[in-house]
Amino acid sequence: MIPRWAKRLFHQATIGDQSYRFMFEKGPPNEFVAVDCETTGLDVKKDEIITIAAVRIRGNRILTSERFVKLARPESDMAADAIKVHHLRQVDVESGQRLYNIWPEFLHFVGGRPLVGYFLEFDVAMIDRNVLRFIGIEMPNPLIEVSKLYYELKYGDAPPGTHCDLTFRAIMKDLGLPALAQHDAFNDALMTAMMFVALRDMKQRGARIERQRDRPRFDMAH
Amino acid sequence: MPAVFDVSQSPFDRLEATEIEFLQDATDIEYYAPGATVLAAGQATEFLCIVLKGAVEERDGEELVSIFGPRDVFDSRSLVQGAATRSFVAREETLLYQIARDAVLKIVSKNDRFGAFFYLDISRKLSEMAHEEEEARFGSLMRSHVRDLFVHPAHFINSSDTIETAGHKMRDINSNALFVRDGERVGVITGMNLSKAVVLNRMSIDDPVRTVTHFDIVSLSPDDFVFSALLMMTKHNKRRVAVKDGDKFVGIVEDIDVLSFLAGNSQLVAGRIDRAAGIADLSAAANDIEAQVRRLRRQGVKADVIAEIVSDLNRRLFARTFEFTAHPDLRERSCLIVMGSEGRGEQTMRTDQDNGLILSEPVPEPMLNEFRESFTAALESFGFPPCPGNVMVRNPFWSRPLSEFVADFRSWVALPTPDAHMNVAIFYDADAVAGRSELLTEAKTALINTVRGERAYLAHFARAIDAFPTPIGFFRNLITSEGAGDALDLKKGGVFPIVHGVRSLALEHGLMETGTDQRILRLGETNVLKPEFARELSQAFRYFTSLRLDSQITQTPGASGTLTKPAELSSMDRELLRDAFGVVKQFRDIIRRHFNLAMF
């Protein structure tokens, strides 16, 4: 496995389309992009993106008014299993754009800003495969994994052997965030953005997330 | 198009689909850390805010005006006027939808129904504000009825009875006014009327009272409001008003009764206890205590003051009962103590008995046994149910010589079982009620010396603060207890952790205070707790106590009042409750660190 920083340098040198040089420049200070994809399946090599949603974060502000949401028309047919997850049928995606039409706009939307996501590695791998094909680079952006932030704040000081629950649900529950309908790329990106601003603030303030402990017994009758 | 904010809520439900889309495209979400300013007073308002999560305070200078929770919309007033007159501050971690002002105003001008919401909202808020102030100032007067007052029972004499008879009667019934029957008419005669007749008009004490009786009496019904009694007295320049139920005179209200009602009149009950001639008199006075609590609370007296009054009255009651039931020989050789919450003086409603007796030396068994039974039974007859844990003088374990108590302390500390912890906790909270109080002081000093420096024991003892979770999550939402519907347990989640944490610190530092509030004060003074935090803790504690008292009063008599339904609280109370739980959470962290509870 080649490290991301090495790939980044390589792609910076070999980028085919010079008009995408801006991807290697630093984004505006304190700006981030939360991103989420819905795909036809979980195989990074074979499956395809159906929807991609991204929302910019400026400081503590989630810029939903400037969101990026695209429905793509996959090259191959939709698998039945995937339809069950995101409720997008073949007919629904027929109206989507061809993927290669999406990427220029997506890359301009993201620019050099760090990407924020949940299980981001998967989304980035899906995006990289496409972007590499169309523009000849992989996403050079710094990556911020919200489950990692969450882990630090909750389990960072846990004794070894503590059971860790890093599911999306667990994070939402601990942060008390309102659950929007999941498996909608925009909602997922938005919830991820909310997690990010809340977790980042907690980290800055030195707050922690409490873990459930065994509780001693005490008779309170008096 | 993904929905950004909930469009089914008012006023957005009045919008067309295209208008919703237009607004949603102008919507961002902003996160605010606790204490961050959303809108500053005097600043141009750029957004209409909808609370997504968390809470926002509206402040007028230093004063808290209102609190906005999830789905609440603000600030329509400044959005229309352009600039905020008040400041809006995040009370906790908060997420807000913010819709750009221009977009909202555009829809306001296009959609009349949507616009109406804004203008209505503004006028409603203005009138609510005026109303609240009035309510706070005159609340108790406006809501209380004449029946809630102390009404002197009606006593009648005939108009042909003499001035002397009237005077004697007044003395006998301990009242300064009598009803006078004169054929069909009824009048009132007062002590002052009698004196004036004899002294100033040189009438004989054998003259009938008819000529000095006032027949122009002013009366009202028990259902009338207290304020009408006050108005009537002022209007007719009378110091007394007759109370008439239908066409029957039932009593007299004096101006002093109205005044003492407004100021609280617990001294009346105290007087009854002190004057009691036997157990039967005490029983009647005991019933007054509970009525007193309701009355004081309705008048807006603070819960901690009520607790103080009630515990004072209860102790007088116990002390008198002790006098009536204990042999003088026993009284000379013992100290009657109350324990647990009764000892801390934090009892607002009548609850289980928690009492004991410390003897200076062994006494004859029959004498002691007789007292054990009769004291516990007397209290039971007053409506104090027996303690389910049997912490009562009836139980020989809690009524024995000092030396035996002291010997037990060592085993309680050496073998820290949950029962032993409980014994230490309730005994440490004990307070002397009657008899030789130095016996309790000696016992407590022994207890404190036994635990001094026992770090491991103290940690074990303090650990009970983790017995129940604080019902509060991130974004400080209240977590209602499982199995209790949507109710919250104030005792488990709030009162208990404070009481026990404070008790643990107090025990460690050998404080002799018993009340949680006094202990917090001392811990603050001695810097065991940061003075600022001590103040917050004390406020939180008082807040829980007052909420508990309110729910005790509204529930059926005898209910514990530990459960409260956040949904039934005003949004202000809900927020204060969250604040208080937040303090509890902080306090538990302090206790955990202090006693190094992470090792468990």
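**Entry 1: Pro70(B)**

I began with Pro70(B), which sits in the loop between strand 5 (63-68) and strand 6 (73-74) of chain B. I kept in mind that this is a predicted model. Next I looked for its contacts, leaving aside neighbours within four places in sequence, and found Val51(B), Leu52(B), Gly54(B) and Arg578(B).

**Entry 2: two helices of chain B**

Then I turned to how helices pack. I learned that a packed pair is described by the angle between the axes and the distance between the axes. Which residues of helix 16 and helix 18 meet? From helix 16 of chain B I listed His421(B), Val424(B) and Ala425(B), and from helix 18 of chain B Tyr457(B), His460(B) and Phe461(B). Sorted by class, this contact has 4 nonpolar and 2 polar residues, and no charged ones.

**Entry 3: helix 6 of chain A**

Last, I moved to chain A. In helix 6 (residues 146-155), 7 of the 10 residues are buried, so this helix is largely enclosed by the rest of the structure. Among the buried ones I wrote down Val146(A), Leu149(A), Tyr150(A) and Lys154(A). What do the buried residues of helix 6 pack against? My list for chain A reads strand 5 (115-117), strand 6 (143-145), helix 7 (168-175) and helix 8 (185-205).

How values were computed:
Residues numbered from 1 in each chain as written. Chains lettered and ligands numbered in written order. Predicted model: local features only at pLDDT ≥ 70, side-chain atom pairs only at ≥ 80, totals over all residues. Heavy atoms only, no water. Helix = DSSP H or I, 4+ residues; strand = E, 2+ residues; numbered from the N terminus. Contact = heavy atoms within 4.5 Å. Nonpolar A, V, L, I, M, F, W, Y, C, P; charged D, E, K, R; others polar. Buried < 20%, exposed > 50% of the residue type's maximum accessible area, 1.4 Å probe, protein only.
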